[in-house]
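Hi,

Here is the structure I promised to pass on to you. Have a look at it first, and then read my notes below.

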Amino acid sequence: MKKTNQMKKIIYAFAAIAFLSFAQSCKKDSAFLDKQPTSTLPIDAVWKDPNLVLTVVGDLYDRYPDYQTIEAWYTFTDFDEGFASASGDYFRHQNLEYGYDAWRYWDMGAYGYIRDLNMFIKRGQESTALKAEDRDRFLAEARFIRAGVYFEMVKRMGGVPLITTVLDYDYSGDPSYLQYPRAKETEIYDFVIAELEAVKTILPDNPSVQSRATKAAALAMESRAALYAGSIAKYSNSQLTLPGGEVGISSSLANGYFTKALAAAKEIIDGGKYSLYKKNPNLSENFAALFTDKGSNPEVIFAKDFKLKTNKAHGFTIDNQPRSSAEEAQGGRLNPSLNLVQSFEKLDNTYASMASVDGSGNPLYYTNITDIFAGRDARLAGTVILPGTQFKGKTVDIWAGYQLADGSIITGDNFGQNKTNVLPGNAGSVQVVGADGPVDGLEFSAQSGFYVRKYLDPATGSGQIGTRSDVWWIRYRYAEVLLNAAEAAFELGDAATAANYIKQVRDRAGLTTALTPAQITFDRIVHERKVEFAFEGHELWDMKRWRLADKVWNGSNMSAADFINSNNIGSATRTSTQVFGLWPYKYYNPGNANHLKYIFKVIKPSRVTAAHRFRIGNYYSSIGQDVLNGNPKIVRNPNQ
Amino acid sequence: MKMRFYFMIGALIAVLFASCKKDNYDAPEADFNGRIVYKGEPINVQYGQVNFELWQAGFGNYSALNVNVSQEGTYSAKLFNGDYKLVFSPNQGPFLWKKNAAGKQDTIVVNINGSKTMDIEVMPYYMIRGATLSAAAGKVNAFCKLEKIITNADGRDIENVSLYINKTQFVDGSNNIATQQISGAAIADLNNLNMSVTIPGITPTQNYVFARIGVKIAGVDDLIFTPVSKISF
C-alpha cells in the first residue's frame, strides 16, 4: 500500500513536469528565438527618450577631432613652440622634415565618424516620438559636429568627398557608385559655413552651455572657417592649386570670405553675452586662470570638458608640472622655447630679445632671477612658468649652475645636486644646479629654462596619477572671436575697426598703450595670435593658411646669435626651426659687486639636432595609398 | 631514456630545418644603381631629401618603393627581378621631370634581370658652372656661375644662393657651421657670383672644412648643389 502511494507521487511529478514543458513549447518559435539584446538598445527605443539620445550625442562629441590638445602634450613641441623634455620624444627635434602624411585626417575613422553623424541625422529626421524642440536641438548639434569634422578635414586635406547621406554597399560586386570624387576646397568651406549659418538659430543661445553646441559656438566656428578660406584665397600660391579646384581658392573670393568672418564674429560680439575673463586683478594670474576656471567663465564658448573620478580626466598636469614640487616623480615635459618667450613684447609695444648681454656682448647682471622678464606682456607669465615664479604656491628652482670669475661653470647632472668643495673659498657642500634643472639631456628638467603654465591645473591632486585633472580643453573662446574680427576687418581695409578689437585683447594683457590703426599690420596680427594662442593648437593652421609655414620652418639651422639683440622678432616670416633656451646662472665672485647675481645664457639643447623643414607638399597632407587604390576618382594633393 | 633523448634532438632538428625552408624567401639580389644626370653631369642634392619611386604591378596592394638619391646624385637599390616603373613625384629634386600627354609625371619602364646600372636624365632649372672653393685668411671664398637651363614658361627665378661650410661631409642648410647667403634679388650677374664666409672656431680643432654652394629656386623645395669639396686651411 505504501509502495503504490510512492509510485503515484512519482507519476504525478512526471506528469507535472511533462505538462509544464509542453506548455512551454506551445509558444511560437519566434517568441522564443527573437529576443531583444540586453546589452544594446534598439534604435527606435533610443529615439523615444531624450536622455538616451543624449548619450549618443555624447559619443559623437567625444570623437570630435583635435590635432594639438592637452591630452597629447607632445604635439605642442613639433613646431618649436616648446621643447619635449622626455627621452621618448627627443626625436621631435631630430627630424628634419614633416612627413607628407603628418596631420592626415582622411581614413576609416574620419569617414566612419561622418557616416555615424549622417546616420544619426537620418534617424532623427525619421523619428516621431521625441518632442520637436528636443529633436531639433539634437539634429542641429549633429550638423554642427559634422560641419566641424568637415572643417577639420578641409584644413588638413583640402577638398574631400562631401558625403551628407548614409551610403550603403549593395554587395553587387561593383562599388563604383560609392566612389565620390573630391569636392572643391571652396565647396567644403561653403558647406561648413552654410551648415553653421543654418543651425545657429536652432541651437540654444546660452553662454552657460559650454561643452555642447550653442549659437555662439556655431558662429565662432563659422568665423574661423571663413577667415581660413579668406586667407587661403588672399595668400594663394600658384603651386598650391589643382586644376579641379580640390586645392586652392581663387583670390577673387577673399573679400567675400572675410566679410562673412567679420559678420559672424560681430554677431557674437554684438550679442553681448560673452566677455573676456577678467576676474583677477593680477593680469598674469588672470590669464592663467582663464584656462582653468570652469565656474561661470564668460570667455569660453565651446570646450571639451573633463570630470574627475570618471575615465574622462587627463594627465596634462602630471606630465608638465614643475619637477621640484611635483606630486609624482615626473612632470616638466613641455618646456616653452625661447623662440616663444621672447615674442612677448615689452609694455611699450616694442619687441626685444631677452637682455642677456649688452650691445658689446658683455653679460648683464640681475639681482633677482625674474628681473630679466620684467616689463613684458602679462601673458608671458600666464603662459610660461618663468624661473623664480610660483606654481601651486611653490617657487620653481630653475638655474643651471655657478659661473666663476674665470668664466668656468660649476654645475651638476641631476635635480638639485650638491657638490663639495667646488666653489673657491667654500669647502662645504653646496647645491650647484636647480631642483628643476636645467640639465641638458635630463628628462623632466626645464631644458629650455622654462616650464609651461597654460592649462596647468592649480587644484591639489591634479598632479597625481590616481586623481588627474579635469581642466577643460577650450576649442573656441571669446578672445579668438575678437582677433578673428580684427583680422577680417584689417584684410577688408578697415584698420580702425581692427585696432578697436585688438585693443580689447591687449588691454587684458596689460598692454595699455593702444595701437593706432596705422600700426595695425599683417605682422602685428600674426604676432598677436602667436602670443595669445600659444599652446592652444592654432599655430600650425595659422601658418598654413597664411602660406608662411614654408618660410618659418625653412630647414635652415639657427644659432644663438638669432636670439641676442635680435631685430626681427615681430616679423611674420622670422625663422623658427630649432628650439632655443635661456639658462640662468649664478655669478660667483666674492668681493665683486655682482657676486651671486644672475646672468643668462642663450643655449640650444643638445637634443635639438635638426632644423624643421616644412615643404610645399606639407600644406596639404598626402592622401593614403589605400584611399587612392580604392577610388580612382581621387586626385593627389599638389607637390607630393 | 637515451633513445627518447636522441629522438627529441632528431625531432628538434627536423622542426628547425623545416621552418628554415618554409618561412624564408630569398633576399632581393639584383643591384640597381646609377646617377641622376643632366647631359652626363650628376645633379648634387641634399642628403636624404630627394627620392624617386619604383612601382611594381601585380602584387596585392599597390605602393611605391622609395629610392634615395645621395649628395652626389647617385642612387642604389637592391631589387627582385621584374618589371618596374620609375617616376619622380612632382615635389622631388631641383629639376623637372617629363610629363605625359595628360600632364602627369611620366614613368620610365625599368626591367630588372640581374644587376643594372642606369643614369636617369632630368632637366634641372639651373646648373652651377665653374665653381671654385678655396680658403684664405680664415675664410672660405667661393665663385660660381649659374646657367639657366629651363628658359621657357616653366622656368623659375632664384630665391637665394648660399655658401655652406661644415665639419663633416654632409653640407646643407640644416647641416652647417656657417653660411653666407645672397638673395636672388641681389644677384646682378649670373656669371659672376662671389661669396665668402668666415670659418668659426671648431672643437675639436680640425684644419679642414667641407664646403659647397647651394641654389634655392623659388617654389622648389630641393636645392641644387655643387659637389662637396674638402678645403684645408
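Before anything else, please keep in mind that this is a predicted model.

Let me start with chain A and its helix α16, which spans residues 522-532. Eight of the eleven residues in this helix are buried, so α16 of chain A is largely enclosed by the rest of the structure. The buried ones are A:R524, A:I525, A:V526, A:H527, A:E528, A:R529, A:K530 and A:E532. And what lies over them?

Next, the place where the two chains meet. Here 14 residues of chain A are in contact with eleven residues of chain B. On the chain B side, eight of the residues touching chain A are polar, two are nonpolar and one is charged.

Finally, chain B has a sheet to look at. It is an open sheet of four strands, ordered β4-β3-β6-β8, with antiparallel pairing. Which strands stand at the edges? They are β4 (65-68) and β8 (108-112) of chain B; each has a single partner strand, so one side of each is left without a neighbour in the sheet. From one strand to the next, the twist averages 35 degrees.

The partner of β8(B) is strand β6 of chain B (residues 82-87), and this antiparallel pair is joined over five bridges. If you want one to find on screen, look for B:D83, whose bridge partner in β8(B) is B:N111.

Enjoy exploring!

Best wishes

Key. Residues numbered from 1 in each chain as written. Chains lettered and ligands numbered in written order. Predicted model: local features only at pLDDT ≥ 70, side-chain atom pairs only at ≥ 80, totals over all residues. Buried ≥ 20, exposed ≤ 12 C-beta atoms within 10 Å, placed from the backbone. Helix = DSSP H or I, 4+ residues; strand = E, 2+ residues; numbered from the N terminus. Contact = placed C-beta atoms within 7 Å. Nonpolar A, V, L, I, M, F, W, Y, C, P; charged D, E, K, R; others polar. Pairing = 2+ DSSP bridges. Axes fitted to C-alpha atoms, helices over the stretch in contact; angles between N-to-C directions.
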